[in-house]
Amino acid sequence: GKGLAVFTSGGDSQGMNAAVRSVVRMGIYLGCKVYFIREGYQGMVDGGDNIEEANWSSVSSIIHKGGTIIGSARCMEFIKREGRLKAAYNLVTRGITNLVVIGGDGSLTGANLFREEWSSLLDELLANNKITKDQREKYKYLHIAGMVGSIDNDFCGTDMTIGTDSALHRIIEAIDAIVSTAYSHQRTFIMEVMGRHCGFLAVYTALCTDATYSFICEDPAPNNWDKKLCAKIAEERKSGQRLNIIIVAEGAIDREGKPITAELVKNVVVENLQQDTRITVLGHVQRGGSPSAFDRILGCRMGAEAVMALMEATPDTEPCVVSLDGNQAVRLPLMECVRRTKAVAQAMADKNWDLAVQLRGRS
Ligand code: F6P
């Protein structure tokens, strides 16, 4: 059978285990020899026990678990060619020429570079007598399929990244809990939610929790945001509301690009309205805990599609990323999606918010 390996890279997210499980079982079902690569690219570089053959039962009882059972890491060594050479050696000597990478845009870019270099890496290994001519010939093509695991929903090309739905559930549950105590004391709560360069979690939770206001990076707050915010809170209180929830995305900014922090928002509310105000930073709670039904199913579907893409690949098939389009699992050119995702970041750095939002939308 064909050698296929799966690894998770970058920040973890709920639903990654469902994806790993699906890759392993679909791979075995289709007759592949399937491997786990532990600790992301680091395990690929280090080899040894980090690359282990998986069987049907090694992915039993993991679908309900958050995180990734095979570990994830940031790997500086893989950024250098020397590291990638070691990784290529570890794969070829195990007969692995199909890779499923579950991670963010950085991890997918790394996989693409690795594939582009594959031929020259193998040449170098052969020249150094690390592999045989037979191995050089037999394993000359590397195939890549990616899936995006991230709670941020920050990748262009897919409607939902694996983990976003679970993070939304976690945030909403926390805010519902806050609402009950806020109500008792007539308080205003500033909730900081994750989403580095993407306001998706903040916007969705604001809509789901009847929040008064939200701050994100794609729609920077106007110069007079403090006045607008206070007027809105005052108006709601006047009409009988006993509490206010304000959602601040961790990457929120104003029109000048200055960060809008929970602390800053709290000070504005306290100084202008003298309200009893508290901050809750949800932090990594959002990224932990058991995956939602949606993320379990998403991981399963994406994993199966990724394996099918690899099995159908021909020598010149470009790396793909498995995405959700409406309710369809689709394969998109990996680098095109990465380029668009990077273009969003660039548009935001250039303060061209309209372009950023437009690029982020579906094509
Ligand atoms: O990209 C996922 C994410 O959770 C972001 O929302 C957050 O900014 C970041 O990762 C936190 O990274 P770390 O876990 O390295 O602190």
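Predicted model: local features only at pLDDT ≥ 70, side-chain atom pairs only at ≥ 80, totals over all residues.

Author: An axis is a line fitted to C-alpha atoms, for a helix over the stretch in contact, and the angle between two axes runs from 0 to 180 degrees between N-to-C directions.

Helix α4 (residues 105-127) and α11 have axes that come within 10 Å and cross at roughly 140°. That angle makes α4 oblique to α11; over 145 degrees would count as roughly antiparallel. The crossing of α4 and α11 is left-handed. On the α4 side the contact is made by Asp105, Leu108, Thr109 and Asn112, and on the α11 side by Leu334, Met335, Val338, Thr341 and Lys342. Sorted by class, the contact of α4 with α11 has four nonpolar, three polar and two charged residues.

Helix α11 (residues 334-349) also meets helix α12 (residues 353-360): their axes come within 8 Å and cross at roughly 165°. α11 and α12 are therefore roughly antiparallel to each other. Their crossing, too, is left-handed. From α11 the contact takes Arg340, Ala343, Val344, Ala347 and Met348, and from α12 it takes Leu355, Ala356, Leu359 and Arg360. The residues of the contact of α11 with α12 divide into seven nonpolar, no polar and two charged.

A further pair is helix α8 (residues 225-238) and helix α9 (residues 262-273), with axes that come within 10 Å and cross at roughly 60°. α8 and α9 are therefore oblique to each other. In this case α8 passes α9 in a right-handed crossing. Asp226, Leu229, Cys230, Ile233 and Ala234 of α8 make the contact with Val268, Val269, Asn272 and Leu273 of α9. By class, the contact of α8 with α9 has seven nonpolar residues, one polar and one charged.

Cys300 counts as buried, with 20 C-beta neighbours inside 10 Å; the cut-off for buried is 20 or more. Leaving aside neighbours within four places in sequence, Cys300 is in contact with Ala18 and Ser22. The C-alpha atoms of Cys300 and Arg25 are separated by 9.9 Å, although the two residues are 275 apart along the chain.

Asn129 is found in the loop between α4 and α5 (133-138). Asn129 is not a glycine, yet has a positive phi of about 55°. With 7 other C-beta atoms within 10 Å, Asn129 is exposed. Asp210 is found in the loop between α7 (200-209) and β8 (213-215). Asp210, also not a glycine, has a positive phi of about 60°. Asp210 counts as exposed, with 12 C-beta neighbours inside 10 Å; exposed means 12 or fewer.

Last, the ligand. The residues around the ligand are Gly11, Ser150, Ile151, Asp152, Met194, Gly195, Arg196, Glu250 and Arg287. By class, this shell has two nonpolar, three polar and four charged residues.

Key. Residues numbered from 1 in each chain as written. Helix = DSSP H or I, 4+ residues; strand = E, 2+ residues; numbered from the N terminus. Parallel < 35°, antiparallel > 145°, perpendicular 65-115°, else oblique. Left-handed = near helix turned anticlockwise from the far one by under 90°. Contact = placed C-beta atoms within 7 Å. Nonpolar A, V, L, I, M, F, W, Y, C, P; charged D, E, K, R; others polar. Near = placed C-beta within 6 Å.
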